[in-house]
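Please open the structure in a viewer and keep the selection tool at hand. The tour below names what to select at each stop and describes what is found there.

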Amino acid sequence: MRKHCLRILIALIGIAGLGVAAKGQAGDQIVVNIPYEFVVAGKTLPPGIYRVNRLSDIHPEVLILSSFENHASAMLLSSTRVESSSADKPEVSFEQIDGQRFLSKIETANHVFTIPVTRSEILETAARSHSGTSASARSDGNN
């Protein structure tokens, strides 16, 4: 009987621990409606509703941006300095360069994630737009 009670107690502690870890990540999960095409992690993504999640508590700087309606996603690395947030309303910010919008900041209830926009990413995006291809244009051409 004691072994049975001990197993139940261990299981309850494990479930409670998972709940605490999930609660920590829930503050960094947001859903945003982005009404225009934008660039992140070298990809051009279409407008739509996107969910932002941290990959794990171990690596808080790694984020997953995904849209179920567009079947589009990107894994991105924010700056290694993840700041605490005091914002009441989560939001995303963009840097506009040569007519392209680059995702540059994600602010959740708990943190501010700064996404570096590199010169090579800007040049690569400009080259793709001048050649007439983007992530959405390529998928339209294949359909």
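**First stop: a buried valine**

Select Val 39, which counts as buried because its relative accessibility is 0%; buried means under 20% relative accessible area, exposed over 50%, and partly exposed in between, with a 1.4 Å probe and protein chains only. Val 39 is part of strand E2, where strands (E, at least two residues) and helices (H or I, at least four) are DSSP runs numbered from the N terminus.

Before going further, note that this is a predicted model, in which local features need pLDDT of at least 70 and side-chain atom pairs count only at pLDDT 80 or more, while totals for chains, interfaces and linings use all residues. Residues are numbered from 1 along each chain as its sequence is written, and side-chain values use heavy atoms, with hydrogens and water left out.

Now display the surroundings of Val 39. Not counting residues up to four places away in sequence, Val 39 touches Thr 44, Gln 100, Arg 101, Phe 102, Leu 103, Glu 121 and Thr 125; a contact means heavy atoms within 4.5 Å.

Move to Phe 38, which at 0% relative accessibility counts as buried. Its contacts, not counting residues up to four places away in sequence, include Leu 45, Tyr 50, Leu 65, Phe 94 and Leu 103.

Next, select Phe 38, Val 40, Leu 45, Tyr 50, Leu 65 and Ile 106: these touch the most other members of the largest nonpolar core, which has 17 residues. At least two residues of this core come from each of strands E1 (30-34), E2 (38-40), E4 (48-54), E5 (62-67), E6 (72-77) and E9 (100-107). A nonpolar core is a set of buried Ala, Val, Leu, Ile, Met, Phe, Trp, Tyr and Cys residues joined through side-chain atoms within 4.5 Å.

How many aromatic pairs does the structure hold? There are three. Rings of Phe, Tyr and Trp (its six-membered ring) pair if their centres lie within 6.5 Å; planes under 30 degrees apart count as stacked, over 60 as edge-to-face and the rest as tilted.

Select Tyr 36 and Phe 94, an edge-to-face pair with 5.4 Å between centres and 75° between planes. Tyr 36 lies in the loop between E1 and E2 and Phe 94 in strand E8 (residues 91-97), so the pair ties together parts 58 residues apart in sequence. Phe 94 counts as partly exposed, at 22% relative accessibility. Phe 38 and Phe 94 are also edge-to-face, because their ring centres are 5.6 Å apart and their planes stand at 70°. Tyr 36, Phe 38, Tyr 50 and Phe 94 form one aromatic cluster.

**Last stop: confidence**

Finally, colour the chain by pLDDT, the predictor's confidence in each residue, from 0 to 100. The chain averages 76, and 66% of the residues score at least 70. Over residues 17-25 the pLDDT is below 50, and this stretch has seven contacts in the model beyond near neighbours in sequence. Where pLDDT is low, the predicted coordinates should not be read in detail.
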